[in-house]
Amino acid sequence: MPRTTDRFLDIRRDPHSGELLARGGDAEAHSILQRAGFVAVVRLHESYHRAPAGLTEDDESRLATDAVGRLRALGYHVDCDEPFDTEARPARYPTLGASVSHLAERLRKATDTAEAADILTELTAPHDGILAGFEETLGALAEFFDGLGNATDPHTARRLRYLADEYIRVIHSDLAHTRERLADRHAPHPGRRPCAEQVPDHEPERSAVCACPPPPRALPAPAPPPVGATRLRR
């Protein structure tokens, strides 16, 4: 079986700079590293994670040890410096992001426009929908930057308010309109009818387990033209 490289990580101090660095892993591993406290570094030819600036060596060791335990608890293979090795396997609880992603799974299984509209309402509800909460969170973060005191902080606060006003509200308005159109439509999805898991008496295939038609077959990609062939001009 081929080795799945995105399930392997290294968490070590760089031998030259002494920086605490984490390398490897997939998107889920990167989320775990950031929740443990690491900072993502994305460059042209590489991506990795580092410890936040200004931590003591003891704080960095605690951060790295926590990350090793969290990653191994989910089956990742982590090579690390000896001080970071741990037998701890912290429990992981559902995140808010995972709850939002569950809406995508529900939409993939939706069988009619009413069901899709109900799911979309979780995004667009004006008082307690996800986008309303996102907009409020950006506003609260802008207020936080207003009081930090650095010269660039007011600019960051204005940028956050701009994102909330010019982008989140536009997305909210567009999706709310889409939700209203779905709610008025009252139509089943032609490719997603509910499956009763029953075989009709006239079914000729004895191996059938339901009456659903087979999924549509993907058309094969056209073969590339032979080398030296002349393309027709329109």
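Modeller: What follows is a set of questions about labels and the values behind them, for a model that is predicted.

Colleague: How many helices and strands does the protein chain have, and in what order do the elements run?

Modeller: The protein chain holds 6 helices and 5 strands. Starting at the N terminus, the order is β-β-α-β-β-α-β-α-α-α-α. Of its 234 residues, 22% count as buried.

Colleague: What makes the pair Phe 144 and Phe 145 edge-to-face?

Modeller: Two values decide that. The ring centres are 6.2 Å apart, and the limit for a pair is 6.5 Å. The planes stand at 90°, and edge-to-face requires over 60 degrees. The structure holds 2 aromatic pairs.

Colleague: Why is the pair Tyr 162 and Tyr 167 called edge-to-face?

Modeller: The centres of these two rings are 5.8 Å apart, with the planes at 75°. The distance is within 6.5 Å and the angle is over 60 degrees, so the pair is edge-to-face.

Colleague: Why is Phe 144 called exposed, while Tyr 162 counts as partly exposed?

Modeller: Exposed means over 50% relative accessible area, and buried means under 20%. Phe 144 has 52%, so it is exposed. Tyr 162 has 37%, which lies in between, so it counts as partly exposed. Tyr 167, at 44%, is also partly exposed.

Colleague: How do you know that the charged end of Arg 7 sits over the ring of Tyr 76?

Modeller: The charged end of Arg 7 is 3.7 Å from the centre of that ring, and the limit is 6 Å. An angle of within 35 degrees of the ring normal is also required. Arg 7 is listed as sitting over the ring of Tyr 76. Likewise, the charged end of Arg 23 sits over the ring of Tyr 48, 4.6 Å from its centre.

Colleague: What describes the packing of helix α1 and helix α2?

Modeller: Two packed helices are described by the angle between their axes and the distance between the axes. For α1 (residues 27-36) and α2 (residues 57-73), the axes come within 9 Å and cross at roughly 145°. The crossing is right-handed. On the α1 side, the contact is made by Ala 29, Ile 32, Leu 33, Arg 35 and Ala 36. On the α2 side, Leu 63, Asp 66, Ala 67, Arg 70 and Leu 71 take part. By class, this contact has 7 nonpolar, no polar and 3 charged residues.

Colleague: Which residues does Asp 112 contact, beyond its neighbours within four places in sequence?

Modeller: Asp 112 is in contact with Ala 187, Pro 188 and His 189. The C-alpha atoms of Asp 112 and Pro 188 are separated by 4.0 Å, although the two residues are 76 residues apart along the chain. Asp 112 itself is in the loop between α3 (96-109) and α4 (113-124).

How values were computed: Residues are numbered from 1 along each chain as its sequence is written. This is a predicted model: local features need pLDDT of at least 70, side-chain atom pairs count only at pLDDT 80 or more; totals for chains, interfaces and linings use all residues. Side-chain values use heavy atoms; hydrogens and water are left out. Axes are lines fitted to C-alpha atoms, for helices over the stretch in contact, and angles run from 0 to 180 degrees between N-to-C directions. Helices (H or I, at least four residues) and strands (E, at least two) are DSSP runs, numbered from the N terminus. A crossing is left-handed if the near helix is turned anticlockwise from the far one by less than a right angle, and right-handed if clockwise. Contact means heavy atoms within 4.5 Å. Ala, Val, Leu, Ile, Met, Phe, Trp, Tyr, Cys and Pro count as nonpolar, Asp, Glu, Lys and Arg as charged, and the others, Gly among them, as polar. Rings of Phe, Tyr and Trp (its six-membered ring) pair if their centres lie within 6.5 Å; planes under 30 degrees apart count as stacked, over 60 as edge-to-face and the rest as tilted. Buried means under 20% relative accessible area, exposed over 50%, partly exposed in between (1.4 Å probe, protein chains only).
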